[in-house]
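This report goes through one protein model, strand by strand and then residue by residue. Please look at the sequence and the structure before reading on.

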Amino acid sequence: MVLAIAAALFTGCTSQRNLSVNVPAEVPVPGPAKRIVLMDRTEPRSGFSNTFEALTSRESGLDADLGHEMNEVLQETLGELGGRFEVVIAPGRYEGSGTGVLPEPLNWDTIIQVCARADADILIALEALDADVNYDFSERRIQEINNGRPSERITVEHLAKHKTTVRYGWRVYDRRGRTILDMFTDQSTIHQESTGTTKQNAKNGLPAKGGVVQGLGRAAARIYAQRFAPTTSSVKRTFYSGGDRRLRSAYNLTRRNNWEGAIHVWESMLADPKAKLRGKACFNIAVAYESLGDLPRARAFAERATTEFGNKWGTGYAAELDVHITDEDRARTERVLLGQGDPSGQ
């Protein structure tokens, strides 16, 4: 009980703010690399395991052209990233697992050959692809109501349900660095249903499975392309806002987004006789400078909060800021390459 009360009191002395931070691309394509070649590596291998997979999925025929279509969408979407990349598609279909599971990575001789033919530095291979369409049928008896009384007429309504799943996966190879930059797998599923007077009538009301599979695959390619562009994200930052009238006063300033005014209050607390209050104020100054976009100064105050005043949060926060600074630098470089300039305005 005592611990619960203490935790509640501590929580009551802190507040949180959401900060927008720049996040670098999830796929770290080297700056000098500009030309990309896309490969369709979804051709099933010969052998029992793949034959069995094709029979059990019942939709392997839908996969045959889907890989090429997904690469076309990926080519188009990557090409829209501010001219950062030149993207071409390697002809043909290369052998892989032929399933929704990634096969072993390509050997580097093959990677170098494919890249050399396309004069490319980066190879993006669609290496996993599988489409499954499952049907489920049911029926229910419906008794009509006339004038509030059940009618003798009973009709049967048939329900057809459609579950379509597309599993896919990519690898990204850096030809010059001889490294795998990304290994990504996911799946997309959609549920649809239709009713009819007969089972066949209900099934006929469902969308054509080929169109559904194609739509899921094309959407997946568009989403995957976003892994090559920097984005923004929201992070929560906790700071001290209670337990002292000056902390409450500064907190009220932050609610009006007056971080400079709050810093002035917290700086006056750095001479307080109580080391604990000095540590809280110093930590808060770090949060304020991060909010204002001055990350080096934020990091300095976060470290100082611990080393000078013994604040237990300072070290962890300084480590978070190290990551934030690195991410900001990468995201800034990527935005310049995308022709978006420096998001900080500097």
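Which residue in S4 does Val37 stand opposite? Val37 stands opposite Leu123 in S4.

**Strands and their partners**

Strand S2 covers residues 35-40 and has pairings with two strands. With S3 it runs parallel, and four bridges join the two. S2 is mostly covered, since five of its six residues are buried.

Strand S4 (residues 122-146) pairs in turn with strand S5 (residues 149-174), in the antiparallel sense and over 23 bridges. Across this pairing, Asp132 has Thr165 of S5 as its bridge partner. The two strands form a hairpin with two residues between them. Asn147, in the turn, has a positive phi of about 55°.

S5 is also joined to strand S6 (residues 179-196) by 17 bridges, and these two run antiparallel. Here Thr164 has Ile190 in S6 as its bridge partner. The hairpin of S5 and S6 has four residues between the strands, and Arg178 takes a positive phi near 50°.

The table collects the pairings.

| Strands | Sense | Bridges |
|---|---|---|
| S2 and S3 | parallel | four |
| S4 and S5 | antiparallel | 23 |
| S5 and S6 | antiparallel | 17 |

In a regular strand the side chains alternate between the two faces of the sheet.

**Ser97**

Ser97 lies in the loop between strand S3 (86-89) and helix H4 (108-118). Is Ser97 buried or exposed? Its relative accessible area is 8%, so Ser97 is buried, the cut-off being under 20%. The side chain of Ser97 has two polar neighbours to note. One is the side chain of Thr99, with which Ser97 makes a polar contact of 3.1 Å. The other is the backbone oxygen of Val101, which lies 2.7 Å from a polar atom of the Ser97 side chain.

**Leu295**

Leu295 is found in helix H10 (residues 295-307). With 10% relative accessibility, Leu295 counts as buried. Not counting residues up to four places away in sequence, Leu295 touches Glu290, His324, Ile325 and Glu328. Asp322 is 27 residues from Leu295 along the chain, and the C-alpha atoms of the two are separated by 8.8 Å.

**Cysteines**

How many disulfides does a search of the whole structure find? The search finds zero. A disulfide is a covalent bond between the sulfur atoms of two cysteines. Cys115 is buried, with a relative accessible area of 0%, and Cys282 is buried as well, also at 0%.

**Confidence**

The protein averages a pLDDT of 89, and 90% of the residues score at least 70. Among its elements, strand S2 has the highest mean pLDDT, 98, whereas helix H1 (residues 2-12) has the lowest, 38. Over residues 1-11 the pLDDT is below 50, and this stretch has two contacts in the model beyond near neighbours in sequence. Residues 48-59 also have a pLDDT below 50, but that stretch has 18 contacts beyond near neighbours in sequence. Where pLDDT is low, the predicted coordinates should not be read in detail.

Definitions and conventions:
Residues are numbered from 1 along each chain as its sequence is written. This is a predicted model: local features need pLDDT of at least 70, side-chain atom pairs count only at pLDDT 80 or more; totals for chains, interfaces and linings use all residues. Side-chain values use heavy atoms; hydrogens and water are left out. pLDDT is the predictor's confidence in each residue, from 0 to 100. Contact means heavy atoms within 4.5 Å. Buried means under 20% relative accessible area, exposed over 50%, partly exposed in between (1.4 Å probe, protein chains only). A polar contact is a pair of N or O atoms within 3.5 Å; within protein, one must be able to donate a hydrogen and the other to accept it, and residues adjacent in sequence count only if both atoms are side-chain atoms. A disulfide is a pair of cysteine sulfur atoms within 2.5 Å. Two strands pair if DSSP finds at least two bridges between them.
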